[in-house]
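These are my notes from an afternoon with one structure. I wrote down each thing I looked up and what came back.

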Amino acid sequence: SLMKVREFDPKHYLVMATKQGLIKRTSLDAYKNIRKTGLIAISLAEGDELSYVHLTDGEQQLLVATQNGMAIRFAETDVRPLGRSAMGVKAIRLREGDCIVGMEIIKEGDSVVTVTDKGQGRRTLASEYPLQSRHGLGKINYKVSDVKGQVCGIKVVSEKDDLILISTDGVIIRIAVAD
C-alpha cells in the first residue's frame with residue numbers, strides 16, 4: 001500500500017489485514033523514524049501475506065469480506081493498538097479454504113460493491129451489514145456458486161462514483177454506481 005502522510009500524528013493509525021484473517025492497528029507515530037533498511041510493519045505467519053492497509057483516525061468502522069462470500073462489520077476500537085512487530089488479532093473466523101479479499105472503511109449512507117471472479121456483482125447498502133464484534137464468522141455477503149464464482153473484491157462507493165473493472169485479459173469496463 002502507498003499512503004500519503006503529512007505528519008505522524010499519534011491519534012491516527014495504520015490498520016492492516018492479512019489474507020488469513022488477522023487485523024492489526026498501530027499508531028502512526030510508530031513509523032516516523034524509518035531507517036534506510038526499512039521498518040517491520042507487521043509479523044506474518046508462514047504462508048500469510050499482508051493484503052490491505054488503511055490510514056484511520058481511530059474511530060472508523062471496518063468491513064472485512066472473504067472469498068467464500070462472508071463479511072463482518074466491526075468498530076476499529078475492537079482492535080487494540082499493537083506494536084510494529086506484532087502479528088495482530090483475528091478479524092474474522094475463516095472456514096477452511098477461505099481467505100480475506102477486501103477490507104474497507106464503511107460509513108452509513110455508503111454502499112458496498114461486491115464483485116466475483118466470474119464477472120458477477122452487486123451493490124448493497126452499508127446499513128445492511130450489522131455492526132458486530134470482531135472475530136465472528138460474519139454474515140453472508142454474497143452467495144457464491146460455480147455459476148456466480150467466488151468473491152474477488154469489495155469496494156465502498158457512493159452514488160456519484162464510477163467503477164472501473166479490469167479483467168485478467170485486460171478488458172476495462174466503466175460503470176456508474178447509480179446504474
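Does C152 count as buried, exposed or partly exposed? I looked up its relative accessibility and got 43%, so C152 counts as partly exposed. I note here that the model is a predicted one.

**Entry 1: the cysteines**

I stayed with C152 and asked which cysteine sulfur is closest to its own. The closest belongs to C99, at 11 Å, which is too far for a bond. A disulfide would need the two sulfur atoms within 2.5 Å. I then started from C99 and found C152 as its closest cysteine, again at 11 Å and too far for a bond. The count of disulfides by this rule is 0. I also looked up the accessibility of C99: this residue is buried, with a relative accessible area of 12%.

**Entry 2: strand β1**

Next I went to strand β1, residues 13–18. I found 6 of its 6 residues buried, so the strand is largely enclosed by the rest of the structure. In a regular strand the side chains alternate between the two faces of the sheet.

I looked up the partners of β1. Strand β2, residues 22–27, pairs with β1 in the antiparallel sense over 5 bridges. In this pairing M16 stands opposite K24. The hairpin of β1 and β2 has 3 residues between the strands, and G21 there takes a positive phi near 95°. Strand β3, residues 50–56, also runs antiparallel to β1, and 6 bridges join the two. On the β3 side, L14 stands opposite L55, and M16 stands opposite V53.

**Entry 3: strand β5**

I asked how many of the residues of strand β5 (residues 70–75) are buried. The answer is 6 of the 6, so β5 is largely enclosed by the rest of the structure. Both of its faces are covered: M70, I72 and F74 lie on one side and A71, R73 and A75 on the other.

Which strands pair with β5? I listed β4, β11 and β10. Strand β4, residues 61–66, runs antiparallel to β5 and is joined to it by 5 bridges. V64 has I72 as its bridge partner in β5. The two strands form a hairpin with 3 residues between them, and G69 in the turn has a positive phi of about 95°. Strand β11 (residues 139–140) pairs with β5 in the antiparallel sense over 2 bridges, with K139 as the bridge partner of A71. Strand β10 (residues 131–132) pairs with β5 in the parallel sense over 2 bridges, and here the partner of R73 is L131.

In soluble globular proteins, nonpolar side chains tend to be buried together. I looked for such groups here. The largest nonpolar core has 15 residues, and I23, L62, V64, F74, I92 and M103 touch the most other members. Each of β1, β4, β5 and β7 (100–106) supplies at least two residues of this core. A second, separate core has 9 residues, including L63, A65, A71 and Y129.

I picked I92 and looked up its contacts, leaving aside neighbours within four places in sequence. Among them are G21, V64, I72, I100 and L137.

**Entry 4: the largest pocket**

Last, I asked which residues lie nearest the centre of the largest pocket. They are V115, T116, G119, Q120 and L165, out of 26 residues that line the pocket. The elements that give two or more residues to this lining are β8 (111–116), β9 (121–125), β12 (151–157), β13 (162–166) and β14 (172–176). About 630 Å³ of space lies in this pocket.

Note on methods: Residues are numbered from 1 along each chain as its sequence is written. This is a predicted model: local features need pLDDT of at least 70, side-chain atom pairs count only at pLDDT 80 or more; totals for chains, interfaces and linings use all residues. Side-chain values use heavy atoms; hydrogens and water are left out. Buried means under 20% relative accessible area, exposed over 50%, partly exposed in between (1.4 Å probe, protein chains only). Helices (H or I, at least four residues) and strands (E, at least two) are DSSP runs, numbered from the N terminus. Two strands pair if DSSP finds at least two bridges between them. A nonpolar core is a set of buried Ala, Val, Leu, Ile, Met, Phe, Trp, Tyr and Cys residues joined through side-chain atoms within 4.5 Å. Contact means heavy atoms within 4.5 Å. On a 1 Å grid over the protein atoms alone, a cavity is a set of points where a 1.4 Å probe fits but cannot get out, and a pocket is an open set with protein on both sides within 12 Å along at least five of seven lines; lining residues have an atom within 4 Å of a point. Grid points are joined across faces, edges and corners, and a volume is the space filled by probe spheres set on the points.
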